[in-house]
Each structure stands twice: as C-alpha cells, then as structure tokens.
Amino acid sequence: MNRNITIDYLKCLAVFFVICIHAFPFVGVNIYGVPGDYLNFIINTFSRFAVPTFFVISGYLLGVKLIEGKEPKNYFKKYFSKILKVYIYWFLFYFIFQLVIRINNKGLNSFRDVYHFINSQINIKAIIYGYNDTTYHLWYLPALLFSVTIVYLAFKQKKITHLICVSFILNLVGLFGQSY
C-alpha cells in the first residue's frame, strides 16, 4: 500500500485540534475585545471532528490491509496485539507512576491502603473504560481495540456498508448527546 499524503495531512490537522482541545490556548486572553473563553469554546466545538477522524482513518487503513492481504485474520491479530501491547505497557507505566506518587505523598500509609489503591486501579471496568487514575487518559486505545474488532467482524461477514451507516448514525447521536 502506497503512502497517502492526504491522510497524513488530515492526521496532522486532527493532532493540532486535539492539542487545542486540551490546551485551551486562549484562556485569560482578550483579542480585539473578544474574550479568550469564547474563542476556546469555538475551537473546542469545531475540533470535535478530530478524534472521530482518527477512528475513521484507522478503520479505513485496516480495511485496505484486510482487502489487500492474503491472510486477513493474521493481519488483524498482529494489528490488535500491537495496540494491546501499547495499552498494557502504558497502563503499567502509569499504574507504577501513580503508586509511587501516592506512596511519596504519604497517601498510602499501610499495606491496606496499597491494597485498596491496587484494587481500585486494576479491575475490568476501570481497565476497559478508564474509570481510574491510571487509564482515564488512555481511553482511546481500548476504544480503538473495540473499533477495529468491529471493523474486522464486519469485514469477515461482508457487512462493511451496514457498519458505515450504523457508525455514522451513532456518531450523530453522540455529537448531539455527548462527545464521542
């Protein structure tokens, strides 16, 4: 598969807007009489295309590889395991980081405190959905694992067209109800 420069430019633009979402670039600034909070709101609202764009690009590139490949099942397993490894490594990194921070700040004074911290961080709901200090910012990776699995299953069942329609409707519902 040849490199698609248009996709690279789109990813670059999406990265810029993800940074804008998280950085609030105009907080406390007044530009020609316009408060920076209004500009941040406009940028934040406009930037909501960025993360769905990454999901679409990932699904598209996976689909192209599945169609072109001789063994789509093996490619999917390799792709899935690569994302899963990245998630596991960063999960462990942030878990150890949080544990050390809490111990250093005397937040964990006993073995019981350490046990409760570990128990709160390592459970299926927290790991998959990011409901803890360790994984809340890694939410994209498990979501991507679910997404590529759905794309692979739709590809396998030859239902990609149906998946595109359903995902577009779900994206619209998500935009009106909440983000992502």
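Colleague: Which residues does S58 touch, not counting residues up to four places away in sequence?

Modeller: This is a predicted model, so the answer rests on computed positions. S58 lies in helix 3, which spans residues 50-68. Leaving aside residues up to four places away in sequence, the residues that S58 touches are Y79, Y140 and L144.

Colleague: Is S58 buried or exposed?

Modeller: Buried means under 20% relative accessible area. Because the relative accessible area of S58 is 14%, this residue counts as buried.

Colleague: Which backbone oxygen does the side chain of S58 reach?

Modeller: S58 belongs to helix 3, and its side chain comes to 2.9 Å from a backbone oxygen. The residue that carries this backbone oxygen is F54.

Colleague: How many salt bridges are there, and which residues do they join into one network?

Modeller: The count comes to 2 salt bridges. In one of them R3 pairs with D8, with the closest N and O atoms 2.7 Å apart, while D8 also forms a salt bridge with K11, where the closest N and O atoms are 3.7 Å apart. D8 and K11 both lie in helix 1 (residues 5-23), 3 residues apart, about one turn of the helix. Through shared partners, the salt bridges join into one network R3, D8 and K11.

Colleague: What is the accessible area of the nonpolar patch on the surface that includes F97?

Modeller: F97 is found in helix 4 (residues 72-104) and is partly exposed, at 41% relative accessibility. The patch also includes, among others, W90, F93 and I101. Taken together, the residues of this nonpolar patch have an accessible area of about 990 Å².

Methods
Residues numbered from 1 in each chain as written. Predicted model: local features only at pLDDT ≥ 70, side-chain atom pairs only at ≥ 80, totals over all residues. Heavy atoms only, no water. Helix = DSSP H or I, 4+ residues; strand = E, 2+ residues; numbered from the N terminus. Buried < 20%, exposed > 50% of the residue type's maximum accessible area, 1.4 Å probe, protein only. Polar contact = N/O pair within 3.5 Å; in protein donor to acceptor, adjacent residues only side chain to side chain. Contact = heavy atoms within 4.5 Å. Patch = residues over 30% accessible without salt bridge, like charges linked within 9 Å, V, L, I, M, F, W, Y side chains within 5 Å. Areas by Shrake-Rupley, 256 points an atom, 1.4 Å probe, with all protein chains shown as cover. Salt bridge = Lys/Arg side-chain N within 4 Å of Asp/Glu carboxyl O.
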